[in-house]
Amino acid sequence: MLKRIKPGQARLGMFIEAIEGSWADHPFWRNQFRLDRAKDVERLKSSHVTAVIIDTDKGVDVALPIAMTERSSAHPRENLSLKRALRTIEQSKPLITEIFENARIGGTIPVSHAAQAVEHIAACMQDSGKALIEVTRLKARDEYTFLHSIAVSGLVVHLARFVGLDEKMVRDLGMGGLLHDIGKMRVPLKVLNKSAPLNDVEMGQVRLHPSHGYQLLAKQGDVPRVVLDICLHHHERIDGSGYPNGLFDKQISIAVRITSICDVYDALTSARAYKKAWNPRDAARFMLEQEGQFDRRLLRQLFHSLRL
């Protein structure tokens with residue numbers, strides 16, 4: 001059984017399933033392991049991580065009364081949702097990893113892998129969507145692109161369903177969300193992971209990723225047109241200030257509008273090498289203040305559906 005506990009409740013024999021918080025605060029190089037050493041327990045207790053997820057089927061339970069845990073067996077639905085979210089990520093990881101590795105070397109993108117991963121994500125979003133998004137926020141530096149892709153895909157599926165798009169379109173948009181940043185595999189890692197502000201040359205390299213991704217996918221001939229649209233245009237903005245084509249207002253499709261909103265929202269609420277994660281409500285407030293950047297009707301629908 002999965003439980004979320006405070007770091008101070010850690011004790012010997014617990015099996016750690018995941019650790020919440022910024023990667024910079026993460027006291028260990030691995031995510032899943034048993035606490036077998038007293039010094040590791042103390043490291044965890046003295047760390048600045050937000051919370052720890054333990055699996056009581058694989059290790060000892062908390063020593064404190066159940067009522068003092070943040071998530072306990074009194075909430076079986078939450079435990080099941082968390083477990084399903086973690087399972088969805090594990091099912092999707094090898095599929096997405098192969099997609100990204102092929103993109104890195106300029107090879108053929110296994111679109112069937114993307115479709116399979118979207119099926120896992122779309123199914124999870126039906127009843128465990130909140131848990132999936134929460135778990136993807138545990139982004140370690142080396143897994144940011146992978147988990148960001150899952151989070152954006154999940155949010156896109158959620159918003160597309162909320163506004164009433166048919167399920168075939170929902171799946172296509174989910175694939176677009178999954179693959180929207182695939183062009184970043186052609187951008188140098190030292191640029192993507194840089195903690196200091198990017199210079200003009202580096203910013204230019206990053207701004208090429210939509211075109212890189214589009215070219216990788218378009219040459220295959222088996223990628224839905226809406227996915228190509230999302231990949232190329234997810235950085236376009238309603239007021240024409242985006243890139244790479246400076247599209248304006250109605251030139252931007254609903255698929256792109258949905259994805260750009262979900263992309264920015266997840267980026268704001270995630271920790272990166274150069275920034276802390278924003279509170280979801282602060283991110284919502286900030287995005288609503290950005291005049292001309294996003295479709296305001298869709299933006300409000302996302303935040304309403306997330307109860308922000």
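## Charges and overall build

The chain carries 44 positive and 36 negative side chains, and the centres of these two sets sit 2 Å apart. Keep in mind as you read that this is a predicted model.

In secondary structure, the chain contains twelve helices and four strands. Its radius of gyration is 20 Å, which agrees with the value near 19 Å that a compact globule of 308 residues would have. Along the principal axes, the C-alpha atoms fill a box of roughly 60 × 40 × 40 Å.

## Surface, burial and contacts

Of the 308 residues, 50% are buried.

## Backbone details to look at

Most peptide bonds are trans, and most residues other than glycine have a negative phi. With that in mind, here are some spots for your viewer. The peptide bond from Tyr 243 to Pro 244 is cis, its omega being near 10°. Pro 244 belongs to the loop between α9 (225-233) and α10 (254-268).

Asp 249 also lies in the loop between α9 and α10, and its phi is positive, near 45°. Another positive phi, near 60°, occurs at Arg 307, a residue in the segment after α12 (296-305). Arg 307 has 74% relative accessibility and therefore counts as exposed.

## Aromatic pairs

How many aromatic pairs does a search of the whole structure find? There are three. One of them joins Tyr 265 and Phe 303 in a tilted arrangement, with 5.9 Å centre to centre and 55° between the planes. Because Tyr 265 sits in helix α10 and Phe 303 in helix α12, this pair ties together parts that are 38 residues apart in sequence. Tyr 265 is buried at 2% relative accessibility, and Phe 303 is buried too, with a relative accessible area of 4%.

Trp 278 and Phe 286 form an aromatic pair as well, this one edge-to-face, with 5.0 Å centre to centre and 75° between the planes.

Conventions. Residues are numbered from 1 along each chain as its sequence is written. This is a predicted model: local features need pLDDT of at least 70, side-chain atom pairs count only at pLDDT 80 or more; totals for chains, interfaces and linings use all residues. Side-chain values use heavy atoms; hydrogens and water are left out. Helices (H or I, at least four residues) and strands (E, at least two) are DSSP runs, numbered from the N terminus. The radius of gyration is taken over C-alpha atoms; the globule rule is 2.2 Å times the number of residues to the power 0.38. Buried means under 20% relative accessible area, exposed over 50%, partly exposed in between (1.4 Å probe, protein chains only). Lys and Arg count as positive and Asp and Glu as negative; His and the chain ends are not counted. The place of a charge is taken as NZ of Lys, CZ of Arg, CG of Asp or CD of Glu. Rings of Phe, Tyr and Trp (its six-membered ring) pair if their centres lie within 6.5 Å; planes under 30 degrees apart count as stacked, over 60 as edge-to-face and the rest as tilted.
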